[in-house]
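Here is my notebook from an afternoon with one protein model. Come along and look things up with me.

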Amino acid sequence: MSHESLYEHIYQSVKMIPRGKVATYGDIAWLSGNAKMARVVGNALHRNPYPGVVPCHRVVNSQGRLAEAFVFGGINRQREMLEAEGVSFVGERVDMQQSHWKIK
């Protein structure tokens, strides 16, 4: 699979995350066919050419932490976007018990 087609597959997987839920980088890697490529998912989302179409703000790490280098406005913007969709937080992290999209 080429680099571009892998990224497109990742973007399609991210588009499946429902509003008000989050998935982890590992979840998206698993959905995209290789559970060990979580870093590749992060790289793909950092280069997301479809902001507003691919909801990369809905992808967090396995502990519910937000992306410190969120490309589309920084970590505070990512939190604002998630809260606007009804995602719950406990301190600085997403409440994974409440807001994690169960895909497996």
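**Entry 1: the pocket**

I started with the lining of the largest pocket, where H3 gives the most, with 6 residues. I noted how helices are named: helices (H or I, at least four residues) and strands (E, at least two) are DSSP runs, numbered from the N terminus. Before going on, I reminded myself that this is a predicted model, in which local features need pLDDT of at least 70, side-chain atom pairs count only at pLDDT 80 or more, and totals for chains, interfaces and linings use all residues. Residues are numbered from 1 along each chain as its sequence is written, and side-chain values use heavy atoms, with hydrogens and water left out.

What is the volume of the largest pocket? I found about 550 Å³. A pocket here is an open set of points on a 1 Å grid over the protein atoms alone, where a 1.4 Å probe fits, with protein on both sides within 12 Å along at least five of seven lines; lining residues have an atom within 4 Å of a point. The points are joined across faces, edges and corners, and the volume is the space filled by probe spheres set on them.

I then looked at the 23 residues that line the largest pocket, and the closest to its centre are Tyr-25, Leu-66, Ala-67, Glu-68 and Ala-69. Helix H3 (38-46) and helix H4 (74-84) are the elements that give two or more residues to this lining. By type, I wrote down 12 nonpolar, 6 polar and 5 charged residues for the lining. In this sorting, Ala, Val, Leu, Ile, Met, Phe, Trp, Tyr, Cys and Pro count as nonpolar, Asp, Glu, Lys and Arg as charged, and the others, Gly among them, as polar.

**Entry 2: the tyrosines**

How many aromatic pairs does a search of the whole structure find? I got 2. Rings of Phe, Tyr and Trp (its six-membered ring) pair if their centres lie within 6.5 Å; planes under 30 degrees apart are stacked, over 60 edge-to-face, and the rest tilted.

Are they buried or exposed? Tyr-7 is buried at 10% relative accessibility, and Tyr-11 is buried at 2%. My cut-offs were under 20% relative accessible area for buried, over 50% for exposed, and partly exposed in between (1.4 Å probe, protein chains only).

Tyr-11 also pairs with Tyr-50: the ring centres are 5.7 Å apart and the planes at 85 degrees, so I wrote edge-to-face again. This pair links distant parts of the chain, with Tyr-11 in helix H1 and Tyr-50 in the loop between H3 and strand S2 (59-60), 39 residues apart. Tyr-50 is partly exposed, at 33%.

**Entry 3: a charge over a ring**

Next I looked at Arg-79, whose charged end sits over the ring of Phe-89, 4.0 Å from its centre. The rule I used wants NZ of Lys or CZ of Arg within 6 Å of the ring centre and within 35 degrees of the ring normal.

**Entry 4: Asp-27 and its contacts**

I found Asp-27 in helix H2 (residues 25-31), buried at 5% relative accessibility. Which side chain does the side chain of Asp-27 contact? It makes a polar contact with the side chain of His-100, at 2.6 Å. A polar contact is a pair of N or O atoms within 3.5 Å; within protein, one must be able to donate a hydrogen and the other to accept it, and residues adjacent in sequence count only if both atoms are side-chain atoms. I also noted that Asp-27 and Ile-103 are 76 residues apart along the chain, with their C-alpha atoms separated by 7.4 Å.
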